[in-house]
Amino acid sequence: MGKLLARALMGFAALWIIFPILVVCLAALNGGRTMFFPPEDPTLARFAEFFLTEEIWVRSLRTSFIVALSSAVLAVLTAWPIAYALWRRNSRASKLVAGLASMPFALPPIVFGVGLVFFWGYLGALGDLWSGILSHTILFLALPLTTLSIGLQSIDRAHLDAAATMGASEATAFRTIILPQMMPFTASGFFFALVLSFNEFIVIFFVSASGYSTVTVQIFNSLRNGFTPTMAVGAITFLAISALVFSLIARFGNLPQLLGADTSKSS
């Protein structure tokens with residue numbers, strides 16, 4: 001009886017999650033400019049508009065990818081020396097830097113966004129694409145910093161001691177021992193930052209200052225004309241990218257360890 005009830009609850013939870021997604025997917029098939037469910041005159045024209053023909057959506061999608069990819073790369077490159085210094089030396093300075101690097105992610109996004117408006121406005125960079133990229137880099141730096149720290153903690157220092165005993169320099173040990181083991185954690189941190197940057201709205205809305213639009217900002221701007229099927233295509237794009245990336249992380253990365261589970265006791 002208990003197992004049957006548990007399965008029923010799991011099934012209900014699955015339907016509760018899947019049904020809104022199904023509604024959005026079907027709403028994107030509407031032939032007109034208004035969302036209906038069930039869709040009227042089903043067509044794939046809205047997908048063509050979003051990805052190919054409507055310049056405003058194509059440009060916003062391109063901007064979203066530029067911001068997400070650039071900020072994710074910069075976040076990983078910035079997180080690596082911080083995480084490595086924290087693991088290697090564990091000094092007060094490294095702990096302080098790591099704490100400061102993680103702080104923006106812990107702040108309410110609207111607080112962080114308003115602060116960036118004053119900061120970039122003072123520098124005269126408000127509304128510039130590069131300032132939006134740096135804003136997301138700072139915001140999501142905590143993600144690769146966390147995954148890299150988890151990966152470094154899993155490295156057996158006895159391997160490094162053995163390499164040093166055999167005459168390997170620190171650079172050689174890093175290249176041959178640390179870096180190969182850290183590749184899944186590096187990739188995971190990159191993809192976590194990529195997905196969250198692609199889906200983020202509040203901070204990029206503040207720092208873009210109408211100078212450019214990502215997909216999330218463009219969806220918000222388009223709401224003044226009502227709910228359109230093209231917005232649903234944007235939502236489907238978010239879902240597809242998120243599902244693909246997290247599936248790859250689950251398949252090729254150590255997802256339980258990335259989520260904080262102690263895998264050392266597993267058989």
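**Close-up 1. The salt bridge between R62 and E55****.** In this predicted model, R62 pairs with E55 through a salt bridge whose closest N and O atoms are 4.0 Å apart. R62 has a relative accessible area of 42%, so this residue is partly exposed. Salt bridges with shared partners link E55, R59 and R62 into one network.

**Close-up 2. The salt bridge between E55 and R59****.** E55 also forms a salt bridge with R59, and here the closest N and O atoms are 3.4 Å apart. E55 and R59 are separated by about one helical turn because they are four residues apart in helix α3 (residues 55-88). E55 counts as partly exposed, at 44% relative accessibility. R59 counts as partly exposed at 39%.

**Close-up 3. The salt bridge between E49 and R46****.** The structure holds three salt bridges, and one of them joins E49 to R46, with 2.8 Å between the closest N and O atoms. Both residues belong to helix α2 (residues 45-53), where they are three residues apart, about one turn of the helix. The relative accessibility of E49 is 8%, so E49 counts as buried. R46 has a relative accessibility of 6% and therefore counts as buried.

Close-up 4. A polar atom of the S242 side chain lies 2.9 Å from the backbone oxygen of F238. Leaving aside residues up to four places away in sequence, S242 touches V195 and N199.

Terms used. Residues are numbered from 1 along each chain as its sequence is written. This is a predicted model: local features need pLDDT of at least 70, side-chain atom pairs count only at pLDDT 80 or more; totals for chains, interfaces and linings use all residues. Side-chain values use heavy atoms; hydrogens and water are left out. A polar contact is a pair of N or O atoms within 3.5 Å; within protein, one must be able to donate a hydrogen and the other to accept it, and residues adjacent in sequence count only if both atoms are side-chain atoms. Contact means heavy atoms within 4.5 Å. A salt bridge is a side-chain nitrogen of Lys or Arg within 4 Å of a carboxyl oxygen of Asp or Glu. Helices (H or I, at least four residues) and strands (E, at least two) are DSSP runs, numbered from the N terminus. Buried means under 20% relative accessible area, exposed over 50%, partly exposed in between (1.4 Å probe, protein chains only).
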